[in-house]
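Dear colleague,

Please find below the structure that I am handing over to you, together with its sequence. My notes on it follow directly after.

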Amino acid sequence: MSKALDGVKIIDMTHVQSGPTCTQILAWFGADVLKIERPGVGDPTRFQLRDIPDVDSLYFTMLNANKRSITLNPKTEVGNRIFARLIQECDVLVENFAPGAIDRMGFTWERIQELNPRMIYASINGFGPGPYEDCKVYENVAQCTGGAASTTGQIDGVPSVTGAQIGDSGTGLHLATGVLAALVHRSHSNRGQRVTCAMQDSVLNLCRVKLRDQQRLAHGPLKEYPQYPDGEFGEAVPRAGNASGGGHPGWIVKCRGWENDPDAYIYVIVQAHAFPNLAEAIGHPEWVDDPEWNTPEARLPKLMEIYAEIEKWTMTMNKMDVMDTLNPLNVPCGPILSMKEISTEPALRASGTIVEVDHPERGKYLTVGNPIKLSDSDPDVARSPLLGEHTEEILREVVGLDDLGIQEAREQGAI
């Protein structure tokens with residue numbers, strides 16, 4: 001079965017998480033991703049957070065599937081020539097170094113265009129143009145500067161970051177979208193272009209509903225927030241605990257066993273058209289015909305009271321039983337699934353979302369497969385490469401070096 005990006009060659013000059021997320025998605029779609037790593041060192045995540053001594057960490061293996069690894073030092077004379085040749089032969093260059101790092105290697109955007117006018121050059125930065133564009137940014141910094149942390153956390157509590165990697169992986173996914181758009185554009189323009197994505201911008205894009213609420217706040221209190229009607233609203237969108245942040249109120253409530261199980265909870269949404277079924281299920285059929293309860297407007301000032309009544313009912317059964325009861329009633333809900341539960345979920349294994357991969361050094365491990373499914377492209381997941389595993393292969397196939405050229409590269413320390 002053919003892949004969507006068969007024939008596309010990508011120079012992967014990325015490391016850690018944001019860039020590798022982008023290139024891994026493109027590799028899953030069938031692109032030939034050539035991961036360039038420093039000779040003898042490689043991507044720093046190969047040895048970060050290791051659980052097995054002297055073996056590539058899960059941090060690395062889970063972000064670099066379906067790639068080929070070549071060690072290369074472009075700062076050497078022969079390494080510079082090899083890198084130039086790769087630019088000529090490939091379609092996309094992706095990097096997430098500090099601003100200007102590729103330029104300092106002698107490969108400005110202008111030179112890259114001279115070498116290959118069809119090259120798409122994609123970069124991840126912490127900030128876009130402005131006073132902070134040269135600052136380093138990591139996951140939690142992006143969450144804080146992009147608006148996520150200020151709007152996440154318990155009411156009247158401190159700002160909180162989320163466990164989802166919306167700064168790193170979120171930006172990588174945004175960049176992949178840009179690369180795909182540039183590839184489509186090139187198909188009729190025959191020219192490459194720059195693609196840039198700032199981590200702050202990506203987090204803000206994922207927080208767009210909070211920017212929506214900031215503007216709504218100027219016209220009165222946010223009635224779907226728990227602060228309404230008794231709490232005070234300041235000048236900025238407040239933290240709202242587990243409130244849904246959408247048009248339909250929702251909250252996390254306890255289920256049976258919550259005293260000993262930190263994940264014995266379920267999220268229940270009080271959706272307008274399903275409210276009669278929910279009221280019946282939790283033992284309050286009288287709410288259905290009571291004007292004090294049977295409209296969204298009437299319920300808004302009493303949301304916390306409604307959640308308390310829901311919780312009395314959910315605490316009598318486990319979270320999966322609650323889900324099995326509410327789903328046939330069209331009441332949206334979702335159990336709080338632990339990583340252990342997710343890792344053993346048969347449906348996720350069957351769909352290829354959780355994949356078991358065999359690695360020559362660490363053995364079998366679990367990883368997340370491609371979350372984007374295409375009907376005509378099989379979403380297979382291959383293991384991550386060993387450091388420099390494909391160096392000679394790439395030098396012969398892509399760069400066109402012979403034995404003598406490879407030997408010269410080794411003697412200069414270029415590979």
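A residue is called buried if its relative accessible area is under 20%, exposed if it is over 50%, and partly exposed in between. Please also bear in mind that this is a predicted model.

**The cysteines**

C144, with a relative accessible area of 46%, is partly exposed. How many disulfides does a search of the whole structure find? The search returns 0. For C144, the nearest cysteine sulfur belongs to C207 and is 11 Å away. Likewise, C207 is in no disulfide, and its nearest cysteine sulfur is that of C144.

**A sheet of 3 strands**

I next turned to an open sheet, in which 3 strands follow the order β7-β8-β9 with antiparallel pairing. Strands of a sheet pair through backbone hydrogen bonds, either parallel or antiparallel. Why is one side of β7 and of β9 left without a neighbour in the sheet? Both β7 (250-254) and β9 (333-335) stand at the edges and have a single partner strand each, so one side of each has no neighbour there. From one strand to the next, the twist averages 20°.

The pairing of β7 with β8 (residues 265-269) is antiparallel and extends over 5 bridges. Within this pairing, K254 is found opposite Y265 of β8. Helix α12, formed by residues 303-314, lies across β7 and β8 and runs at about 35° to β7.

**Helix α17**

Helix α17 covers residues 403-411, and its buried residues are G405, I406 and A409. Viewed down the axis of α17, these buried residues fall within an arc of 100°, so they line one face of the helix. They pack against two other helices, α3 (77-89) and α16 (391-399). The face of α17 turned away from the buried side carries the exposed residues D403, L404 and E411.

Both ends of α17 deserve a look. Just after the helix, G413 adopts a positive phi of about 75°.

With kind regards

Note on methods: Residues numbered from 1 in each chain as written. Predicted model: local features only at pLDDT ≥ 70, side-chain atom pairs only at ≥ 80, totals over all residues. Heavy atoms only, no water. Pairing = 2+ DSSP bridges. Helix = DSSP H or I, 4+ residues; strand = E, 2+ residues; numbered from the N terminus. Axes fitted to C-alpha atoms, helices over the stretch in contact; angles between N-to-C directions. Contact = heavy atoms within 4.5 Å. Buried < 20%, exposed > 50% of the residue type's maximum accessible area, 1.4 Å probe, protein only. Arc of directions from axis to C-beta. Disulfide = S-S within 2.5 Å.
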